[in-house]
Amino acid sequence: MPDVRVRKFLVSVEEIHHEGGPVAAVPPRRGTVLAVIENPYAGSYHADIQPFMEDLKPLGLAMAQKLLAALGGDPKAVEGYGKGAIVGEAGELEHAALWHAPGGYAMRDVLGGARAIVPSTKKVGGPGARLDIPVTHVNASYVRSHFDAIEVGVPDAPKANEMVVALVMTTGPRVHARAGGLAAADIKGEDGLR
């Protein structure tokens, strides 16, 4: 399998002070890291694509480290996460699925063994395509205050033979979360759900 060829990285962090309600004492931050990479399977059908997952693992780890650093470097500060991929038009949706394990396990590792499954989404699209990446709490998927989504995209990607792979992290709940449900303070931490 060829090396993973990265064309560019994009890292961004937003800090939310309010959404019309009171100003947050500690504004939550939402960070994203995206990599535009060459899709080695673009242009034709390949039956065996799983080896590329192994090739993507170092990229996943590097991206998780970049994102954590952009959010201040403290794994304990990260409370939510998600992942996603956009495949260019010469690829197929299954190529995006190859990002599930490398992206998810890298974040869980960098964050010190987060327990919840990393939510994910994927699509096929052209340059400028946008993707809404779901977010859940890192240790318990049922923590309703952390249900969120972060929109990502790259103006000039993915080209037909590329993929955009993305990781997202948050440092807290939605800024004015008040929809009830399991609170982060009540997580039991037994199963990644509650």
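Val165 touches Val33, Leu34, Ala35, Ile37, Leu59, Met63, Gly84, Ala85 and Trp99, leaving aside residues up to four places away in sequence; contact here means heavy atoms within 4.5 Å. The model is predicted, with local features requiring pLDDT of at least 70 and side-chain atom pairs counted only at pLDDT 80 or more, while totals for chains, interfaces and linings use all residues. Residues are numbered from 1 along each chain as its sequence is written, and side-chain values use heavy atoms, without hydrogens and water.

Val165 also belongs to the largest nonpolar core, which has 32 residues; Tyr81, Val165 and Met169 touch the most other members. A nonpolar core is a set of buried Ala, Val, Leu, Ile, Met, Phe, Trp, Tyr and Cys residues joined through side-chain atoms within 4.5 Å, where buried means under 20% relative accessible area (1.4 Å probe, protein chains only).

| Element | Residues |
|---|---|
| Helix H1 | 51–70 |
| Helix H3 | 100–110 |

Helices (H or I, at least four residues) and strands (E, at least two) are DSSP runs, numbered from the N terminus. H1 gives the largest share of the core, seven residues. A second, separate core of 14 residues includes Val36, Ile86, Val154 and Ala166.

H1 and H3 pack at an angle of about 40 degrees, with their axes 8 Å apart. Axes are lines fitted to C-alpha atoms, for helices over the stretch in contact, and angles run from 0 to 180 degrees between N-to-C directions.

Terms used
Buried < 20%, exposed > 50% of the residue type's maximum accessible area, 1.4 Å probe, protein only.
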